Amino acid sequence: MDVLKKVPVREQDAKVRATNFDEVCLGYNESEAMEEASRCINCKNAKCVQGCPVSINIPAFIEKVKDGQFEEASKVIGESSALPAVCGRVCPQETQCEGKCIRGIKGEPISIGKLERFVADWARTNNIKPAPPKEKNGKKVAVIGSGPAGLTCAGDLAKLGYDVTIFEALHKAGGVLVYGIPEFRLPKDGVVLPEIENVKALGVKIETNVVIGRSVTIDQLIHEEGFQAVFIGSGAGLPKFMGIPGENANGVFSANEYLTRSNLMKAFDDNYDTPIAVSKKVAVVGGGNVAMDAARTALRLGAEVHIVYRRSEAELPARVEEVHHAKEEGIIFDLLTNPKEILVDENGWVKGMRCVRMELGEPDASGRRRPVEIPGSEFELELDTVIMSLGTSPNPLIASTTDGLEVNKWKCIVADEENGATTKEGVYAGGDAVTGAATVILAMGAGKAAAKGIHEYLSER
Amino acid sequence: MYQITRAEKLTDQIYLFDVTATRVAKSCLPGQFVIVKLDETGERIPLTICDYNRETGAVTIVLQTVGASTMKMAKLKVGDSFMDVTGPLGVPSEFTNIPLEELKQKKYLFVAGGVGSAPVYPQVKWLHEHGIEADVVLGARNKDLIILEEQMRAVAGNLYVTTDDGSYVRKGLVTDVVRDLVEEQGKHYDVCVAIGPMIMMKFVTLLTKELHIPTIVSLNPIMVDGTGMCGACRVTVGDQVKFACVDGPEFDGHLVNFDEAMKRQQMYKTYEGRAILKLQEGDTHHGGCGNCGGDK
């Protein structure tokens, strides 16, 4: 064994997986996990823990894995994270825990994500469930949204003895974990559902089909339903479009719509009634993780798929692993390319896209080199579907129906980073509703901070 | 689960249900809608709220069978349940926000086409309960497609019924009635609210523009989540793109791009046709739908 290299993780073959929705990564088995764990040098002042937004005691759980004490390892992770099977799969470990790993200075870092995933999967297969708190304190907290921020906040508060109810607008709990991230990256029934069941096992109640601001307001929850504190983890919001001609043509979708149809409504499965466009040639505009998810979904539904991104590969905001997987599966990357117009046929359907080639100029405010159009380089792509994956803007519903809740100039809810406190007493917020679109783990970090903030607030009352 | 406490067939294609959805019944207002999902594999279907009872928690919904999902729903009986009912969604009708004294100065004309009577009814009823009598034009292709006539008569100021083929009351389009009321009978209206098939709303707005009557329409485009997340329901209003689920469903009818909206409604027609075929043929289905692979 080469200690400088990660124990490789088994994956479905790229050609095979490009035609199914089964999970790409197959994960470690017990011996592979123990071998990988033995590479950890168990640093005293572990940098990896500092890189983790929920501060999992990483060396401690890896130590347990090394010794084959997998249940103990799951308890160590459980102290800090309610969703380890999710995080082991979708966290950007390369910029967090693994990015700080001392092993990574000379050689490859420990495969912390894959080990976390292994432990969580092992615990699930062996039916290890978190124990509910022995004593309830009788204080009611409402959590809005059952995505990563809400589930984490609810789980932490339930462990402290609070009576927590999560309100979810959709018909299924999980937020972006069920409507956004595809099955092949994060299995719903196999991974997400059991993780939510674990949060419920702590005593958390989940009421679906409740749209806060419409079905009931935050002020009503506090004054009429007896909730003493509220956490808002309502997520990212409304999809953005480019504002170019032809964008309302039939066959132009937001990535949110495309992914919601496939993931939440299971349109890829013939047994479900919700339809999804069957496309021959698709362009996905954008370069983030959501763009990769949409592209790889369209590919699995049988289309030739192009990623159209205005900067170069180095600037792609998606995780390296996702880009790598997309390429392996046959996604075509049209980089330094920007759409100018969507071409529409006489019946209102997409028939193509007029694009222009770009080159990189001086760095802009984000530090990335600004893409500039190359004059005279316009060309047309023949297509039948365009998926816009340009990010989201906040949903104004909660802020506009809650007295005294301040938003910033981007319409995101203003909340203290340390404890999640908003401008309204007893109301806390975190995740994409505060930061704009970010990652699962950052939302979990914010949910965790807010749980602490709410506990401090309610302990003083 | 959301239990059905009343199920009525209004016409061959239009069905009415009372369903217990306490939070919706408690907070909904005219102009809003719900999203209903029959079972695990069902679609999320946006449906208008036709009536509500804050005490019993009942919400009245009316659906027209247009696809496989609505055909399955049409078979439901008292005691059956919908797996999911979400709402209320969308912005309430504008008049619910106008001070009553100001509202009492305004003369409203409602134009309801076919199943559009369902969303018009709670609006006229709300105004009636607040002491305002609005005129209502109720139209449909033929007599069998006129719904909620008696209920509407009980809350409307004047009710004018018309059928395209003349099989009931009078022969003529709703636009013929509106033109007659304004030009021949000299009636004055401050606001027109037109709800019905997209093509009807388009022609009503063309007429009311000519007659200088501000007009509100209620759109029912394709939706998935209904909370603003997916953008499927986007519609061009003036020079802006709006999401019908969160910015609407009611918009200034003189600014709506109906031609685009009508094209967008056709988006899944082929899929719907195939799904209906599969549903109707049931166990005898063995291909031809383009979906199941049975014909390969």
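## Exercises on chains A and B

A:Leu4 lies in the segment before strand E1 (10-11) of chain A; strands are DSSP runs of at least two residues and helices (H or I) of at least four, numbered from the N terminus. This is a predicted model, where local features need pLDDT of at least 70 and side-chain atom pairs count only at pLDDT 80 or more, while totals for chains, interfaces and linings use all residues. Residues are numbered from 1 along each chain as its sequence is written, and side-chain values use heavy atoms, without hydrogens and water.

**Exercise 1.** Find out why A:Leu4 counts as partly exposed.

Step 1: Recall the cut-offs: buried is under 20% relative accessible area, exposed is over 50%, and partly exposed is in between (1.4 Å probe, protein chains only).
Step 2: A:Leu4 counts as partly exposed because its relative accessibility is 33%.

**Exercise 2.** Describe the contact between chain A and chain B.

Step 1: Count the residues with heavy atoms within 4.5 Å: chain A gives 47 and chain B gives 45.
Step 2: Look for salt bridges, where a side-chain nitrogen of Lys or Arg is within 4 Å of a carboxyl oxygen of Asp or Glu. The interface of chain A and chain B has five.
Step 3: Inspect one of them: B:Arg23 and A:Glu225 meet through their side chains at 2.8 Å, N to O.

**Exercise 3.** Which element gives the most to the side of chain A that touches chain B?

Step 1: List the elements of chain A that each supply at least two residues to that side: strand E7 (238-239), strand E8 (252-254) and helix H13 (255-264).
Step 2: H13(A) gives the most, with four residues.

Technical notes
Chains lettered and ligands numbered in written order.
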